[in-house]
Amino acid sequence: MQLAGVMDGTNDTNGAGSPLESRLRKLYPMVDPLTQLPTQWNAKDKFLYIGLSDDNLTVQHTGHSEDHMGAASVRADHPIPPACGLYYFEVKIISKGRDGYFGIGLSAETVSLNRLPAFKDLPPYLYPTVGLQAPGEVLAANFGQEPFQYDIEDAMLGLRSKTHETSRLRKLYPMVDPLSQLPTQWNAKDKFLYIGLSDDNLTVQYKGHGKDHMDAASVRADHPIPPACGWDKLSYGYHGDDGHSFCSSGTGKAYGPVFTTGDVIGCGVNLVDKTCFYTKNGINLGTAFKDLPPYLYPTVGLQTPGEVLAANFGQEPFQYDIEDAMLGLRAKTHETVRKWPIDNDRGQWNAMLQKMVLMYLMHHGYVQSAEAFARATGQPFKEEIASVKNRQRIQQLVMNGQIGHAIELTGKLYPALLDLKPDLMFMLKVRQFVEMIAGCDHDADFVINNDPGPSTSCYPKPTTSTGKSSKQKSKPDVPLVPDNDVEMMDCSSSSGGSSSSCSSSNSHCNGISNGETHIMTPELEALNKTLAFGRELKSLSMRMRAEFGHNAANKRMLEDACSLLAYSDPKRSPLKYMLERNEREPVGRALNSAIMERLNLPPNPSLEVSVCHANQLLKTMATVGLGACAFASLPDILKD
């Protein structure tokens with residue numbers, strides 16, 4: 001989707017405009033449209049015993065193991081963005097399989113997937129162990145004495161804290177207490193008699209007779225593995241076989257009921273207070289974990305053959321009313337904002353706010369409202385009413401699509417203003433070009449730097465090749481036919497040497513007579529003016545580039561406008577949005593701000609600047625992982 005994660009899915013129903021997009025937009029409005037959201041299981045981030053359906057939502061255990069060695073997990077396609085505020089997904093148990101050893105929860109990207117989330121079946125303090133059985137068997141251990149062939153440091157990336165210790169083991173396991181012993185060699189006192197050790201207790205050799213399995217022998221390391229080595233750190237799970245919750249360790253605690261075939265288990269992450277809760281069949285089971293880090297992935301794990309579950313990341317309505325829970329968090333956040341302590345001098349705050357409101361009204365030309373507000377609050381005007389009305393007239397011309405008239409009036413009221421701001425002038429001219437393509441502004445001369453003349457209609461009156469019309473003369477430099485390099489009608493070259501001729505057998509083509517007098521239709525004359533204006537605009541762009549250097553924004557602006565010419569009906573093209581009224585607003589704002597600067601007034605009203613700052617702060621909150629931003633919508637707070 002935009003909520004771009006949906007677009008990455010293989011299921012077409014996840015695309016833009018889909019029910020999933022609409023549902024996620026409603027649930028997580030503060031998530032940036034370019035930020036990825038979890039929408040399916042990741043086929044590239046799973047253990048080999050995991051099988052996925054075509055839509056990557058249904059998970060099946062495909063292994064054959066009879067014990068915990070068959071455990072396998074899969075992560076979602078994207079982590080949970082903090083800007084969600086409160087994230088939620090559900091999993092339906094399709095089949096409990098043989099034993100129903102499900103784990104549903106969260107994990108960091110670095111957590112191993114050859115186990116359930118917060119894998120429980122490995123107890124702590126296990127010893128590294130090897131076994132040998134036949135004569136001639138020899139192996140050598142490396143507990144960190146030498147660099148490992150496997151890049152264990154890369155595997156543990158994200159789990160290590162910064163350390164300056166030189167010891168390889170301390171670097172690998174910085175969270176282990178310095179007084180705790182790590183395995184460093186085989187224990188000469190903890191081996192079977194058929195085991196022989198080298199002097200450094202690293203090389204193991206079998207010294208028995210190896211007639212059968214009764215001759216097998218093993219040796220343990222000198223110390224157990226401390227839990228602080230932490231393979232399961234940043235892994236959180238709720239297990240179906242015993243109802244226990246497991247938080248970054250193999251030791252669980254009683255949390256909720258067991259679950260089996262037909263149950264729907266939900267997992268919610270509160271990114272405001274950094275907690276996690278679960279639901280069973282729509283009933284909230286309470287907080288399971290606290291102090292969660294950001295950017296965890298939804299994760300599920302299965303262990304025995306036949307286990308199947310299906311995920312719902314928003315593809316369907318949830319059993320649990322997550323929206324009601326969000327309303328509660330939103331109300332709590334708004335209350336926090338309202339009760340936030342401010343300076344005791346409320347009179348100073350009120351005076352400042354009144355000044356900001358008056359500046360806003362005057363900036364946008366709301367003359368009558370500004371006068372009434374100034375009288376009610378006893379504030380002086382910093383700009384003459386006549387000047388406000390002049391800016392208001394210019395704004396109305398821009399919003400009506402009469403850009404040529406707006407340029408002319410600006411030149412009369414504020415001489416040389418546009419000459420000093422070539423980028424603004426270029427923006428106005430490009431918008432005028434768009435309006436001409438839309439059929440709303442044909443008042444421009446072909447020399448783009450000249451002031452446009454007045455006109456009362458979108459199209460000039462029909463003219464003849466003699467330059468006469470029923471009421472007025474046409475401009476002498478208006479071409480009567482389009483240039484040959486732009487195909488405007490169905491014409492083909494004639495064998496008689498004529499440059500073009502109408503393919504129709506009719507004596508008229510697009511309103512142009514084949515007789516001695518050629519009648520120019522308003523539509524065709526408007527088209528000629530538009531093309532000529534576009535060529536002059538291109539020339540202006542090249543002159544500006546030669547004088548001021550490359551401007552990517554100006555180049556893109558002109559390219560977008562010229563792209564409209566590729567369509568016979570721009571109003572029905574993919575670029576039709578460029579013709580909409582709201583596309584005039586940025587042009588009007590830029591021109592108005594330039595005039596305010598000319599008058600030595602702030603180019604933007606302080607009220608708008610404050611709102612922009614507040615919105616940017618919300619984006620910054622999302623970036624640094626403060627989930628409260630999801631419930632601090634500025635428009636909603638201002639409505640309260």
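Reader: Which residues of α12 are called buried, and what makes them so?

Author: In this predicted model, the buried residues of α12 are Val587, Gly588, Leu591, Asn592, Ser593, Ala594, Ile595 and Met596. Buried means under 20% relative accessible area, so each of these residues falls under that cut-off.

Reader: How do you know that the span of helix α12 agrees with what it should be?

Author: Helix α12 has 14 residues (585-598), and at 1.5 Å a residue they should span 20 Å. The end C-alpha atoms are 20 Å apart, which agrees. α12 is followed by Asn600, with a positive phi near 60 degrees.

Reader: Why are β13 and β14 called paired?

Author: Two strands pair if there are at least two bridges between them. Strands β13 (residues 235-239) and β14 (residues 244-247) have three bridges, in the antiparallel sense, and therefore count as a pair. Tyr238 stands opposite Ser245 in β14.

Reader: What makes β1 and β15 edge strands?

Author: The open sheet runs in the order β1-β4-β19-β6-β13-β14-β15, with antiparallel pairing. β1 (41-46) and β15 (252-254) each pair on one side only. Neighbouring strands of this sheet are turned by 30 degrees against each other on average, direction ignored.

Reader: Which strands are joined by four bridges, and why do they count as paired?

Author: β17 (residues 275-280) and β18 are joined by four bridges and run antiparallel. Pairing needs at least two bridges, so β17 and β18 qualify. Cys276 stands opposite Phe289 in β18.

Reader: Which strands does helix α4 touch?

Author: Helix α4 (residues 322-338) packs on the sheet and touches β5 (86-96), β16 (264-270) and β17. The direction of α4 makes about 155 degrees with that of β5.

How values were computed:
Residues are numbered from 1 along each chain as its sequence is written. This is a predicted model: local features need pLDDT of at least 70, side-chain atom pairs count only at pLDDT 80 or more; totals for chains, interfaces and linings use all residues. Side-chain values use heavy atoms; hydrogens and water are left out. Axes are lines fitted to C-alpha atoms, for helices over the stretch in contact, and angles run from 0 to 180 degrees between N-to-C directions. The expected span of a helix is 1.5 Å times one less than its number of residues. Buried means under 20% relative accessible area, exposed over 50%, partly exposed in between (1.4 Å probe, protein chains only). Contact means heavy atoms within 4.5 Å.
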